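Hi,

Here is the structure I said I'd pass along. Have a look, and then read on for what turned up.

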Amino acid sequence: MSTEKTQDDVLVVKNLKQYFRVDKKHTVKAVDDVSFSIKRGSTFALVGESGSGKSTIGKSLIRLYDPTEGSILLDGTEIAGPMTKEKKSFLTGRMQMIFQDPMSSLNPRRKVLDIVAEGLDAAHLYHSAAERREKVYDILEKVGLSKEQAERYPHMFSGGQRQRIGIARAMIMEPELIIADECISALDVSTQAQVVNLMREIQEERGLAYLFIAHDLAMAKYIADYVGVIHLGHFVEMGTKEDIFEHPMHPYTKSLLAAVPEPNPRSKNKVVETYDKDALGIDYEKGTKKYVSDTHMVLI
Amino acid sequence: MERGKDTQPAVLQVENLRISFQTTAGKLRAVRGVDFTLHKGETLAIVGESGSGKSVSARAIAGMMSENEKIEEGSILYTYEKDGSTVTEDILKFSRKRRAKELYGKKIAMVFQDPMTALNPLLTIETQLTEGIRKHLSLSKKEAYQRGLELLAEVGITEPALCMKQYPYQLSGGMRQRVVIAIAISCHPEILICDEPTTALDVTVQAKILELIKSMQKKYNLSVIFITHDLGVVAGIADYINVMYAGKVVERGTPDDIFFHPRHPYTWGLMLAVPDMNTADDRLYTIPGAPPSLLEEPVGEAFAPRNPYALPVDFEKEAPLCRLSETHEVYSWLEQEEKKTEMPEALRKRIAKMLENAV
Amino acid sequence: MTQFRRNKGAVAGAIAFLLIILLALFGPIVSGHAYDDVALTVQNLPPRIPGLEKLGIFDGTVQGIDMYELKGVSDKYFWFGTDTLGRDLFTRLCYGIRISLLIAAVSAFLDLVIGTTYGLISGYYGGKTDLIMQRIVEIINGIPMMVIVSLLVVAMSPGLLSIIVAMSISGWLGMSRLVRANTLRLKESEHVQASRVLGTGTLTILFREIFPNLLSSVIVMTMMTMPSAIFMESFLSFVGLGIPAPQASLGSLISDGYAHMLTYPYQMIVPSVFFAVLMLSMNLIGDGLRDALDPRQKQL
């Protein structure tokens, strides 16, 4: 990544590995030696297809999984390794997550007020019920919901509204970094635009950073400052938005971009080449990271 | 509704279709007076978001209806060859038995969104693929098996014999969808209804499956109804487009009409809400609010509350049909106005850029 | 609630169940007899109910002969007749039902407290904890109930206590399996992940995020295991390993009546009918609850 020191990095990941032991003989290497960093206030889009490991990275970072190996520096503090109470409380105050499925990411049996206040409850961040209520109302307004809606249950809201509740729940902890794990994939097109615009607004206001995990390249291009393309647990290419979308170098990246259908009936017909890494003789484990420029990395 | 000089005759004509669901919360008016025509050999795309009624309409054609679903009004006229002559009949009037025997699987086939639930996880591919063939084409087990192998090869499965023995869980998403397509075309249908067939697939797999559907269509002169919310997909495969919102069609036209000269404010909103890889947008325009709950019949135009261009009459009466050209129609009160309402500036810029990038 | 009321079978079951409970509670007071009044003078009398006897049924006659007159007790009424020792069957039946209901209550308690907690912990923690806990379940499951009860009867005197102890050892196994299976599924749901990310404590997650979402399955299962528990106790009493004389349970009443099935059929028929109705009503209520609590909405 860039060596500029003008903005510091809110997250620095080095050699992260997340392996899952399936049985005595098989280990799934979901994330295999991944390194990247996210600058404060910026958006890093992690794009890949299903099975690429992108969601696993998100879950490893937020410690839903225990990383097999590697270092994760959040705001300069190491959060990989054995989990301690201090680490956990440090983590909850600085990194939060928004989930994919608006239907199941909210407990159907709890009121919105309680759902949004959950983080505050766990960390005892208020002195009275009134204070708790105020904080929730504040955040609900910020995400475009009214305080009357705090008394309702999730099933009374639309998918887009539920995602807003999820955003409110994450934001109330005032994190520096939010991991958005495919948080718009399950929404309608026009609702996606609403939620993404809200996320951008919040970012501008609060200087939040996002790790935006997605498979939708067009949306990633719209929202991201930096992009990492992941395939089979490895970063095959990483760089700024321009690097990746205007000057893609890795054959996998090129195949992904070529496959995205353009909403233009007269666009030039892109040749859809199948990316077959074995046929091309590519082995990610033996590859080396080559820096084409200060910001642009390709795995060769 | 003419399409153009080279269009083949109409094979399916849906007229004033009204469908409702009886739910615990009340009567849901999912489809509120929908007309569209499908011509032979063409791909008709029906575009809309959730609640638009696109899936419900198409499923009614394929005869997939829930227990609490009711066709309130309308007809679906199907034109086909019967004993040497061309007949047109309303398939909604067919008895259930007749529909099962003559139409579904045989003349009208469907490809669904989720290949995992479209295939029975407990049966081998062979069983599922040959079932329809044996029933509708009356072939023996051996003959059906051969036909099955041919079909799998046609849809791009590299080892058909192996695949026949496998179970759905052993196949990837893309392969499963190919099998579903194979099953769909196995009995030489005339009409293929695809309900978001690539939404659950990765983008590279999606591209291949779309290619496959296109080639199948050309080869067998299939008439395809393609339901989707993805404008990129629509641009690539549609010959004609119907845009639906809240149970009604709001605009219809050729891809050129819809993408380069859209006239309905919902179409404008939809196009602007999609980030385009080739245009650097500063802000994504969003349609504020959410689609209406169709438990109540909306008064006037359903889109009016979210429509920044709404006229007072939009809240009172449903908009009339306006014919803009030979191919292009829109349901809008704006067309009655003397002064033409222009599309938003952002959209105009985007369209200009699209035309620049065009071939 | 409304869906339960719509299910006629369930409502009928609920009413029957309620009536039986009332009978068990207030029957003995109304009848005026005690359950252990041995009086050989009034042995084996058929049922005689004042009021109904005028209709020709329950009039204390057997094949035309008035047994009460015969024994010189025309002034007495035994509503369901008497057994070989002259004890009033109606009162004994009420006490018998009380025992059965007590067994049902114990079964429900075991299911809800032990079974549920065991399943929650085993399912949520997984790994070694789950492995050990499940092995224990399998071992307990492997030992036949009859062996356990027989051993207990030898160690303790036969009676309600030995039955309850036997039930406590294995009666909750089914519930623990059900809860464990559901917990395994629920712990992957996004709102549970969200709670973990927000720092909510494990116990809170178990009882606030997971448990309420399996409540409907738990209730239904409890309603279904209660009849099995009653049946088990009845069976044990029937074979002589259960309630000792002079106490009465539905099983022991049926057992006693069985011996005289051909000569005094009412002694077996009456408790059998009540037994069947009790079981049936519980099953109907269970069915109704299952349908009513099923979150899958059939419409929409």
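In what order do the four strands of the open sheet in chain B come? The order is β2-β1-β4-β5, with antiparallel pairing (strands are DSSP E runs of at least two residues, helices H or I runs of at least four, numbered from the N terminus; two strands pair if DSSP finds at least two bridges between them). At the edges sit β2 (26-39) and β5 (85-90) of chain B, each pairing on one side only.

Before going on: this is a predicted model, where local features need pLDDT of at least 70 and side-chain atom pairs count only at 80 or more, while totals for chains, interfaces and linings use all residues. Residues are numbered from 1 along each chain as its sequence is written, and chains are lettered from A and ligands numbered from 1 in the order in which they are written.

Back to the sheet: β1 (residues 10-23) and β4 (residues 69-82) of chain B share eight bridges, and B:Gln13 stands opposite B:Leu77.

In chain A, β6 (residues 95-98) runs parallel to β7 (residues 177-181), joined by four bridges. A:Met95 has A:Leu177 as its bridge partner. A:Met95 and A:Met97 point one way, A:Gln96 and A:Ile98 the other, and all are buried (20 or more other C-beta atoms within 10 Å of their own, C-beta atoms being placed from the backbone; exposed is 12 or fewer, partly exposed in between).

A:Asn15 is partly exposed, with 13 other C-beta atoms within 10 Å.

Cheers
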